[in-house]
Amino acid sequence: MLMVIAVLAVTAAAGGIVVIMGDDVVRTAHEPVRRQVSPRQSQPAPRLDKLVPTAEPVKEFGKGGPGITSTPPRVLAIAAGTVPKRTRFALGTLKHVQKVIVVDAGAVKVSGTALNLLAVDPADFRSWTPQPVADQPAVWSALARGELVADAGSMRKFGMILGAMYQVDGGPRLRVAASATLGLTGVDGLVGADLGKALGFAPGVAVLLHGKAGKISEAGVRKLLGKGSQVVVLDAAHRTVKQQQKPQNTVTVGRPGSYLDLYKAAATRCPGLSWTVLAAIGQVESGHGRNNGPSSAGALGPMQFMPATWKHYGVDGDGDGKTDIWSPYDAVPGAANYLCANGAGQGGEKLRKAIWFYNHSWDYVNKVMGIAEAYARTYT
């Protein structure tokens with residue numbers, strides 16, 4: 001929000017170009033809805049109250065990340081014009097500043113709705129994102145192809161759909177190829193540097209600084225950038241006295257002796273969510289832990305989370321101090337947490353939409369709801 005006025009002011013030449021965005025699972029636009037591997041049809045489905053969860057470590061974790069070390073920005077600033085080289089050097093000499101990068105920025109519109117975007121070089125900017133995003137090749141391939149990577153919050157806010165094409169007002173069509181939690185206040189997404197130039201973005205007006213958390217001087221940055229600049233602190237949590245509190249990602253359900261009890265315990269963490277919906281998703285995704293992946297899309301564990309989504313919604317369900325994507329005691333309450341965040345507890349169409357967010361297919365939603373109804377008949 002804080003960067004909107006400045007970006008619009010310095011990007012009048014862009015012709016008011018912008019885009020709309022709805023899901024935070026990092027995925028390419030060309031990636032099909034993942035197909036679930038069902039248990040063999042010849043074997044009868046075991047009863048949930050007889051099926052014991054297991055948290056044994058998985059030996060095969062799939063392909064690892066590219067080895068990029070994340071150095072997230074602590075401060076984001078928008079200057080009134082292109083930041084001169086001498087000012088960049090001066091920013092780098094500020095106390096506690098370790099890295100500085102300057103990129104292009106602009107606003108684009110789709111059907112009159114404006115978004116603020118940064119135009120970046122994928123190779124240079126990769127380390128400036130959170131580690132789960134830096135480790136996702138799909139994000140950086142999308143930028144190199146001239147596609148849009150949307151911030152997860154903006155996706156939800158504007159109701160955008162991964163893989164969809166959006167017509168920029170007075171400009172080209174853009175594909176929303178991936179979504180990720182960027183952690184950049186006021187920034188709705190990223191495009192490649194070449195696309196930014198084509199859209200007429202203001203060159204070299206966005207400054208990101210990395211250094212010791214909570215220590216970079218906001219006033220010092222503002223003074224160097226001069227009148228008309230806006231400075232956004234991205235590490236505000238480190239600038240206030242922290243009070244001891246229970247971590248938000250701790251949702252204790254213990255270690256129930258059966259999947260039936262596990263689903264029931266996890267569902268209580270989302271008032272209004274039936275345990276049968278969790279059980280149905282567990283059946284479709286992994287056959288209740290019998291096929292934990294990795295899937296062709298990179299989803300992991302008994303509830304088939306994408307790593308970037310798990311980073312955001314994973315919980316420590318059994319209180320062992322870890323959020324383990326492979327453990328059913330963490331994954332099942334994590335799924336309840338994710339569904340609840342998307343409105344599942346409200347029931348009706350909100351529930352169906354929350355299930356759709358889990359896997360973008362209405363056939364998937366119908367399948368889950370059908371299985372949930374069958375569980376309700378069997379276990380009541």
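Glu349 is exposed, its relative accessible area being 57%. In this predicted model, Glu349 forms a salt bridge with Arg352, and their closest N and O atoms are 3.9 Å apart. The cut-off for such a bridge is 4 Å, so a distance of 3.9 Å falls within the limit.

Both residues belong to helix α13, which covers residues 348-358. Arg352 has a relative accessibility of 22% and counts as partly exposed.

Another pair is Arg222 and Glu218, joined by a salt bridge whose closest N and O atoms are 2.8 Å apart. These two residues are four apart in helix α8 (residues 218-225), and so about one helical turn lies between them.

Arg222 is partly exposed, at 34% relative accessibility. Glu218 is also partly exposed, with a relative accessible area of 31%.

## A salt bridge between two loops

Asp318 and Arg255 form a salt bridge in which the closest N and O atoms are 3.0 Å apart. This pair links distant parts of the chain, 63 residues apart. Asp318 sits in the loop between α11 (307-313) and α12 (328-341), while Arg255 sits in the loop between β9 (230-233) and α9 (259-267).

Arg255 counts as exposed because its value is 52%, and exposed means over 50%.

## The network and the total

Salt bridges also link Arg145, Glu147 and Arg175 in a network. How many salt bridges does the structure hold? The total is five.

## Packing of helices α10 and α12

Helix α10 (residues 275-286) packs against α12 at an angle of about 115 degrees, and the two axes are 10 Å apart. The crossing of α10 past α12 is right-handed.

Which residues make the contact? On the α10 side they are Val277, Leu278 and Ile281. On the α12 side they are Val332, Ala335, Ala336 and Leu339. By class, the contact of α10 with α12 has seven nonpolar residues, with no polar and no charged ones.

Definitions and conventions: Residues are numbered from 1 along each chain as its sequence is written. This is a predicted model: local features need pLDDT of at least 70, side-chain atom pairs count only at pLDDT 80 or more; totals for chains, interfaces and linings use all residues. Side-chain values use heavy atoms; hydrogens and water are left out. A salt bridge is a side-chain nitrogen of Lys or Arg within 4 Å of a carboxyl oxygen of Asp or Glu. Buried means under 20% relative accessible area, exposed over 50%, partly exposed in between (1.4 Å probe, protein chains only). Axes are lines fitted to C-alpha atoms, for helices over the stretch in contact, and angles run from 0 to 180 degrees between N-to-C directions. A crossing is left-handed if the near helix is turned anticlockwise from the far one by less than a right angle, and right-handed if clockwise. Contact means heavy atoms within 4.5 Å. Ala, Val, Leu, Ile, Met, Phe, Trp, Tyr, Cys and Pro count as nonpolar, Asp, Glu, Lys and Arg as charged, and the others, Gly among them, as polar.
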